[in-house]
Every structure is written in structure tokens, then in C-alpha cells.
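Please look through the sequence and the model below before reading on.

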Amino acid sequence: MLPAFVLSLFFSSHEWDPKPHFREQLIDSTVRIGYGIAIGDVDGDQKPDIVLADKKDIVWYRNGDWKKFVMVSSLTTFDNVCVAARDIDGDGKVEVAVGAQWNPGETSNDSLSGSVHYLVRPADPKMLWKAIELPHEPTVHRMRWAKSASGKYYLIVLPLHGRGNKGGEGVGVKVFAYEYPGSADTPWARHLLSDDLHLTHNLAIVEKSNAATEIFISGKEGIRKITEPFDRKTTTSSAIVAGKTTAAGEIKIQKEVFATIQPMHGNKLVVYKGARAFTLDSAFNEGHALGVGDFTGTGSTQVVAGWRNPDNNNQVGVKIYTQTSKDQWKADWVDQNGMACEDLQVADLNNDGKPDIVASGRNTKNLKIYWNQ
């Protein structure tokens, strides 16, 4: 094998990155839908576990043997739809929030559509967790934990529609920041961040040292940005990110790379890098999952994307896209026809310094890890 410095010289003298390689591991073949994935240390063993929002259960898989444990079951009449997991109190174990009652056709009645729950961990995290219900809007769809520049944590909750919205028209989506109170028995303050967007499908959080945290939302109006403070007193329109106004469904960000699937449940993978836009693929059938990371160890960013319905070649799957020159990107399969991808997340699961991929499949009913080789 060539020494590392020789490989470094080779790749620095070329405009392309080495081809990433992955080893597939099936974790679960009984997934019902696999709506959302979160990564974090559930049991405090300093290893990142997998948390999955499935149709009726919220479950976690223990890093190592990947045994599945049910956290909560049948929270609401309708399905679970999203989950957020992050250590926000510094004890080395994640706090978990869940969105459920997934009934997107009902946009007015919040008792029949949407829910937000904070899960209280038991002494043994392998046992059932207690769910505390928080106020919510209808059609709750996505959530993420965000850390403000001051160190305070918020749960950012994103509905799909505004209240009473029909066909993406009507009043805007109310994007709320739930201020973590530090105790399960303390009421949560809830701050309205924005109410001028429609069909808001997903969000990405960008945290910076000694700078304001930013929230990027993909939806009907394209990509919008909300900047701290999150306990704001006004709900003025969030700024449109220049040049990125096409309707978008998914969004992931790393360094200067914005990866999007356009439109919602769309066919196109579009990447914005600096002032330039690249269409990396236009053959998806319901593109629904995105990830970004330096999978090759070269300091550049690759994009991972998955779709959930068979394309024109009757295939579903996950692909990774690598920039090969200033103007070109190339696609390689991560999973060809074995993953009808509903969601995916990127994380280093074995602490080898290389990001891995976790994906859940709707029609393939599976959960897999793709180990970065």
C-alpha cells in the first residue's frame, strides 16, 4: 500500500476524490415504514446508537449487537412521523422528542393531527419511556434540537402545513422553538419563529462557535433562513437564501455545500456550492433522504441521496455523489435496489474517524448500516 503522504500528493494533484466504498449490514428486516432516524448515545456507553421513529413504535438499537428496544408504543391514533435525539444536559445520554399523530390531510383540528412529545428516560433505558405531551400545531412533520450561541437548547418543530392550509395555500406554517426547561416537570416556553412559509418539508441546523445559530427550512418558497434569537418577539419573514428559491423538500448542509431534493418528494438532486448550482440527478421517484459528509477523507464534501419508489429503471436505492472536477459530479451506488429509502443519517458509528450511513426503507421494510470502508 502506498504511504499516506504519497496518496495525499496524488489526490491533491488531481481534481477528483477516491471512490468511496461501503460494507452493508442489515440491522432490522421488520421495519414497518421507518419515518425518521436520529443518532445518539442512548445508554451512556459512549457509543452512538440508532433511534428510529417507526409506524407505531419509537425504538432504539444498541451499538454493537444492534439489539432493538421499544421506547414507546402507540402514542397516538395515527402514526409516529419524526424523532430528535441529542445530549442537551451534558450527562452523556440523549434527550429524545417525538412527533406523532401523522394525519396530514387534517390541517385544522390539532386533536386529530400532529403531536409533540418529550420522552422521559427510565433508570434502565431498555425499559419503556414516559411520554409528556407538549402543545402543538396540526401536521407536525419534522423536529431538530438546536443549540443557541448562548448555550441554551431548543426543540425546533416544523409542521407540513399551516393551520387550515389546503393544497399549499392559506395561512403560513407556524415554526416554533420549544425552550428546553431542564426538567420534565417544568413548563416549556414556546417561541414563534416564523409563520410565512408553506409546505415546509424539512430543516437543517447550522451551529457556529461564537456566532448565531441558523435554521434553514426547505419548502414551497425554496430555502429560507431563520437566525437567532429564538426567543424573538416578532415573526417577520425569514430571509430567502440568495439564489436558492426553487421549491425544495429535503435539505442538508456541510461547509459551503447545500444539498436539496427538488421539489418536495421530487426527482432532482440539486447542490448549491458557493454561487453555483449543480443538478446531480433528475431521475428520482420520490426523493426523500439526504446526507452530506467527507466520506473519502480528502476534506471535500460528498452527497448521499435516496428515493423510495421505483424509478424508470424499476430501481430504488441510495447513491453517493462526488465532485470530480470544477463542473462535474459522478454517482456511485451505495445500495442498488435494496433500500426504498425513507430517511438516512450520517454518523461515525464505530469511532474510526470515517462517517457511516444509516438508512431506513419504507417499501423494503428494512434498516441498514453502510460502513465506510
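A residue is called buried when its relative accessible area is under 20%, exposed when it is over 50%, and partly exposed in between, with a 1.4 Å probe and protein chains only. By that scale Glu106, at 22% relative accessibility, counts as partly exposed. The model is a predicted one, in which local features need pLDDT of at least 70 and side-chain atom pairs count only at pLDDT 80 or more, while totals for chains, interfaces and linings use all residues. Residues are numbered from 1 along each chain as its sequence is written, and side-chain values use heavy atoms, with hydrogens and water left out.

Glu106 sits in the loop between strand S7 (95–100) and strand S8 (115–120); here strands (E, at least two residues) and helices (H or I, at least four) are DSSP runs, numbered from the N terminus. Leaving aside residues up to four places away in sequence, Glu106 touches Leu112, Ser113, Pro138 and Thr139, where contact means heavy atoms within 4.5 Å. Between the C-alpha atoms of Glu106 and Ala247, which are 141 residues apart along the chain, there are 22 Å.

Other loops carry backbone features. Trp66, in the loop between strand S4 (57–61) and strand S5 (68–73), has a positive phi of about 55° although it is not a glycine, and Trp66 is buried, with a relative accessible area of 7%. Lys365, in the loop between strand S27 (356–361) and strand S28 (366–372), is likewise not a glycine and has a positive phi, near 60°, but Lys365 counts as partly exposed at 36% relative accessibility. A cis peptide bond runs from Glu228 to Pro229, with omega near 5°, and Pro229 belongs to the loop between strand S16 (222–227) and strand S17 (239–240). The bond from Gln262 to Pro263 is also cis, with omega near -20°, and places Pro263 in the loop between strand S19 (257–262) and strand S20 (268–273).

Turning to the rings, the structure holds 13 aromatic pairs. Rings of Phe, Tyr and Trp (its six-membered ring) pair if their centres lie within 6.5 Å, and planes under 30 degrees apart count as stacked, over 60 as edge-to-face and the rest as tilted. The pair of Phe284 and Trp307 is stacked because the ring centres are 5.1 Å apart and the planes meet at 15°. This pair links distant parts of the chain, 23 residues apart, with Phe284 in the loop between strand S21 (276–281) and strand S22 (287–293) and Trp307 in strand S23 (residues 302–307). Both Phe284 and Trp307 are buried. Elsewhere, Tyr118, Trp145, Tyr180 and Trp188 form one aromatic cluster.

The largest pocket has a volume of about 770 Å³. On a 1 Å grid over the protein atoms alone, a pocket is an open set of points where a 1.4 Å probe fits, with protein on both sides within 12 Å along at least five of seven lines, and lining residues have an atom within 4 Å of a point. Grid points are joined across faces, edges and corners, and the volume is the space filled by probe spheres set on the points. The lining of the largest pocket comprises 25 residues, of which Arg144, Ile205, Lys252, Gln345 and Val346 lie nearest its centre. Strand S14 (202–208) is among the elements that give two or more residues to this lining, and S14 gives the most, with five residues.
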